[in-house]
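Me: I have a model open and want a quick walk through it. Can we go step by step?

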Amino acid sequence: MTTRPATPATPPHQQKVAVLGTGKIGEALLSGMIRAGWAPADLLVTARRPERAAELRDRYGVEPVDNAEAAKAADTLILAVKPQDMGALLDELAPHVTADRLVISAAAGIPTGFFEERLADGIPVVRVMPNTPVLVDEGMSVISAGRHATEAHLARTEAIFQPVGKTLRVPEKHQDAATALSGSGPAYFYYLVEAMTDAGILLGLPRAQAHDLIVQSAIGAAVMLRDSGEHPVKLREAVTSPAGTTINAIRELENHGVRAALLAALEAARDRSRELASGS
């Protein structure tokens, strides 16, 4: 498995791309593609509400269309609707999508086979699990190929998602684990920041100061992890002096089973992802 750099590849300007279901994630992708060089004239969007479609047209200069028009006109279809709406969307698209198109799903938990069964034979499908930091261009998008997707289809998908963060290719069998780690991952950090901020208040700090201390510590630690190339154990040991404050805190974390709780939590998230994929 290889992490791809965030630097966007040269976009296929001759290709038309449609974002179907332009909510927050869909709009983030749309904005990223325009900043990476796609011409607004080559981008189509669909939205359930007319006022939302008008907002996207005014903001980005893109053309709002209906789902059938998008399927007929676009070379690449990015399906960014809610998982529970995907079946109905595919029923609408199926008569218009041909095997020379690429279908990219950004819906959590839905396997590529779900799309392949409902679309014409041979249509390439790529499954992507982005996380919410795509909204600030720091996302992690995990990419898996369906049965008919080629290297060229994966490269096209990466070119779309790289402007809003990093991409990682994995076999589809690992998508549930990736969802547990990355798709849900930001929530775990928010949870820890919330708990540590409460601890700061308990220790006598005003909430705003506790929040700023924790957030900047989190940003600095993340950058060091990303840029130093060091194992997290080595970075932690560099902060942990003998008989100091940090080792006392870590002892309490171990005594309360925090590591075991994280393992159990991620297993639970993975298992729920599997249930969603099976329709439960």
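Me: What is the mean pLDDT of the chain?
Reply: The mean pLDDT of the protein chain is 92. Of its residues, 94% reach 70 or more.

Me: Where does pLDDT stay under 50?
Reply: Over residues 1-11. The model has 28 contacts beyond four places in sequence for that stretch.

Me: How should I treat coordinates where pLDDT is low?
Reply: Where pLDDT is low, the predicted coordinates should not be read in detail.

Me: OK, the fold. How many helices and strands are there?
Reply: The protein chain has 12 helices and nine strands.

Me: And what box do the C-alpha atoms fill?
Reply: Roughly 70 × 40 × 35 Å, taken along the principal axes.

Me: What share of the residues is buried?
Reply: Buried residues are 40% of the 280 in the protein chain.

Me: What about contacts between residues 24 or more positions apart?
Reply: They account for 67% of the contacts in the protein chain with a separation of 6 or more.

Me: Is Gly 21 buried or exposed?
Reply: Gly 21 counts as buried, because its relative accessibility is 19% and buried means under 20%.

Me: Which residues is Gly 21 in contact with, leaving aside neighbours within four places in sequence?
Reply: Gly 26, Thr 46, Ala 80 and Val 81. Ala 80 and Val 81 are also among the residues closest to the centre of the second largest pocket.

Me: How far apart are Gly 21 and Thr 245?
Reply: They are 50 Å apart in space, C-alpha to C-alpha. In sequence they are 224 residues apart.

Me: Next, Thr 76. Where is it, and is it buried or exposed?
Reply: Thr 76 lies in strand 5 (residues 76-79). Thr 76 counts as buried, at 0% relative accessibility.

Me: What is Thr 76 in contact with?
Reply: Beyond neighbours within four places in sequence, Thr 76 contacts Gln 15, Lys 16, Val 17, Ala 18, Leu 102, Ile 104, Arg 156 and Ile 160.

Me: Now helix 4. What does Glu 92 touch?
Reply: Glu 92 lies in helix 4. It touches Asn 67 and Ala 68, not counting residues up to four places away in sequence. The C-alpha atoms of Glu 92 and Ala 68 are separated by 6.9 Å, though the two are 24 residues apart along the chain. Glu 92 is partly exposed, with a relative accessible area of 37%.

Me: Backbone angles next. What is phi of Asp 137?
Reply: Near 60°, a positive value in a residue other than glycine. Asp 137 is in the loop between strand 7 (125-129) and strand 8 (139-145). At 29% relative accessibility, Asp 137 counts as partly exposed.

Me: And phi of Ala 243?
Reply: Phi of Ala 243 is near 60° and positive. Ala 243 sits in the loop between helix 10 and helix 11.

Me: Last one, Arg 236. Where is it?
Reply: Arg 236 is in helix 10. At 35% relative accessibility, Arg 236 counts as partly exposed. The C-alpha atoms of Arg 236 and Ala 268 are separated by 27 Å.

Definitions and conventions: Residues are numbered from 1 along each chain as its sequence is written. This is a predicted model: local features need pLDDT of at least 70, side-chain atom pairs count only at pLDDT 80 or more; totals for chains, interfaces and linings use all residues. Side-chain values use heavy atoms; hydrogens and water are left out. On a 1 Å grid over the protein atoms alone, a cavity is a set of points where a 1.4 Å probe fits but cannot get out, and a pocket is an open set with protein on both sides within 12 Å along at least five of seven lines; lining residues have an atom within 4 Å of a point. pLDDT is the predictor's confidence in each residue, from 0 to 100. Contact means heavy atoms within 4.5 Å. Helices (H or I, at least four residues) and strands (E, at least two) are DSSP runs, numbered from the N terminus. Buried means under 20% relative accessible area, exposed over 50%, partly exposed in between (1.4 Å probe, protein chains only).
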